[in-house]
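Student: I would like to go through this structure with you. Shall we begin?

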Amino acid sequence: MNAGLALLAAALTVVVASASASAEELAAVLGPWCFSLGAGALGLGLWLRGRVRRMRRVLGSRPWTAHASVAVQRGGSGAAVVLAGGPRGDELLVLAPLTTQWRYHLLTDTAGVLWWCGDPRSGGVLAPPGGEELIRARPLGARRARRTLDLPQVRTLSHRPPPRQPHAPAAGPGPAADRPGSLWLTVPPEKPPRRRRWRPGLTWLALLVAGLAGVVLATVWAEQSESDPRIDLTVLSERSDGRCVVRWNDPFDHEKRTGPYRCDPDRDPLLDDWETGFVVSYGPWKGDLYNADLEGTSAFTVMDTVGVGGLLCALVGLVGGAVHLIRRRGRAAAGPLPAPAYAGVDPLSGRPWPGGPAAPPLTYAVCADAATRQAALRGSDAPPGRPGAGVRTGPWWRVPVLLEATGLTRALYPLAYLVGIGTLTLVRPGTVSGPMQVLAVVFGALGLYSLLRILREGVPLARQLTRQADGPVAETPRYVLLEEPSGTGAAPVLLLFAADADDSAPPRALLRLLAPGPRKRPWAGLPSPVGTAELRGRREEPFWAVPWIDGRPHWPADAYEELDPADPETARYLEELVPVRL
């Protein structure tokens, strides 16, 4: 895949360069680009090969274990994954996944469960259940790990039941299933690992030394070029474009030489058979002839390439080495940390109730206790201070929750980029380069496609929800606000009971909600954990009921779903939804 991307980039470079360059200029443009692309592809391949070897060594020496997990997104690229371990979830391991943004969904679309294989001190491999997609992860430093544990999304791990473990591996070259080990499987491999001969810090040091050597070499050549001898040339033949054939005496071996040269076509006609030039006096180009415009030898092109490339290499090595030292000093692999104690929440005790017939029935009383505990873990849920969050009537775009759910604002960003680039191109032609214009067209096409999908699907649904919110009251059931496990933390779910349900009544329906708060506090603005709701809307299939609680609407993320407790799939889902503990 990486080789294909490199070839596509090279092809795009050829197309853009050849559109406005002659053959000689095209060669001058393609040389540095091809060298840069080749060096980048080679470096990327070596780096990926080293990562694959490390992951293969870890996977070959340790078994998989399943853990309750939560993924926390920080900005556009930074992320952290928290794994819960122990029979009571009293140990948490904070990891940084080393993956790209488009693979981040592998950490979130797993119902809050991830497989782990590795050492908490040096890192390992994460994977969704099944172990087919692999993501390398490293431990975070102690300070950032403790800051991550204070986030409200991580608090939900303290009441998650431990997931079902993967099947024990068969006997073979891998580790034995009954081998003693710690909670996080920091067991030694079958063979002692080889001592690493190459440390990451040496890579940055090598880049710095190589870059400085290139800069020094280019500087020496530049100083030697100042002493290049100037000689007289005899013009033997000349064309109208300035290309000519000249003869001169070599100042180094004192032999007569004949070769091509770029003459000055605007010189005095009286000097049509005479010209002057310079001879390179250093390096492998010694003896090359060039004119005042440095045409005729590749010495100056190589000098510039070595100097600029060496300077860039030295800067990369210097910055990379400094970052490596800072991260190494501040990271100090925290390893598993004890789960923090949250105010107002009693510590857990005992083991989770097993599933199946031995588990107590999930009644209103059991679900209400679980919802109360989850609310205490979340802390204060003050309504978000955003206008229009609880409007009864009005257009859908005045409701921030619905506007964000449609994705309309995200689709407008690439269109705005296209409009900006197009306007700049029309107002000031030649300001925007060809690749930027191509990129703007691609982004604009993607944004237009997303906008059409939103206008066809998302906007009609948002309009329907606003109409349903003003509809008649369909029923007034009792509810319990629970958290549906997901990779990004938890999603709010209303578990509905009959209006006259007692403490032993089973749930009858389910309604998933959109989180009303901002990204850092998604649960801000949700109602109390237990109470009574008014389901508004006209009953039709599918029934998009809008619950009104305490005079405010809470917008559904999915249609009203009736539950059958006798269904095995429903029972298994409810057991995951309500992690009851003895």
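Tutor: Val-438 counts as partly exposed because its relative accessibility is 42%; buried means under 20% relative accessible area, exposed over 50%, and partly exposed in between (1.4 Å probe, protein chains only). This is a predicted model, in which local features need pLDDT of at least 70, side-chain atom pairs count only at pLDDT 80 or more, and totals for chains, interfaces and linings use all residues. Residues are numbered from 1 along each chain as its sequence is written, and side-chain values use heavy atoms, with hydrogens and water left out.

Student: Which helix is Val-438 found in?

Tutor: Val-438 belongs to helix 11, residues 434-469; helices are DSSP runs of H or I with at least four residues, and strands are runs of E with at least two, numbered from the N terminus.

Student: Turning to Ser-225, is that residue buried or exposed?

Tutor: Ser-225 counts as buried because its relative accessibility is 14%. Ser-225 lies in helix 6, residues 200-225.

Student: What is Ser-225 in contact with, leaving aside neighbours within four places in sequence?

Tutor: Those partners are Tyr-282, Tyr-290 and Phe-300, where contact means heavy atoms within 4.5 Å.

Student: Which residue stands opposite Ile-549?

Tutor: Arg-552 in strand 20 stands opposite Ile-549. Strand 19 (residues 546-549) pairs with strand 20 over two bridges.

Key:
Two strands pair if DSSP finds at least two bridges between them.
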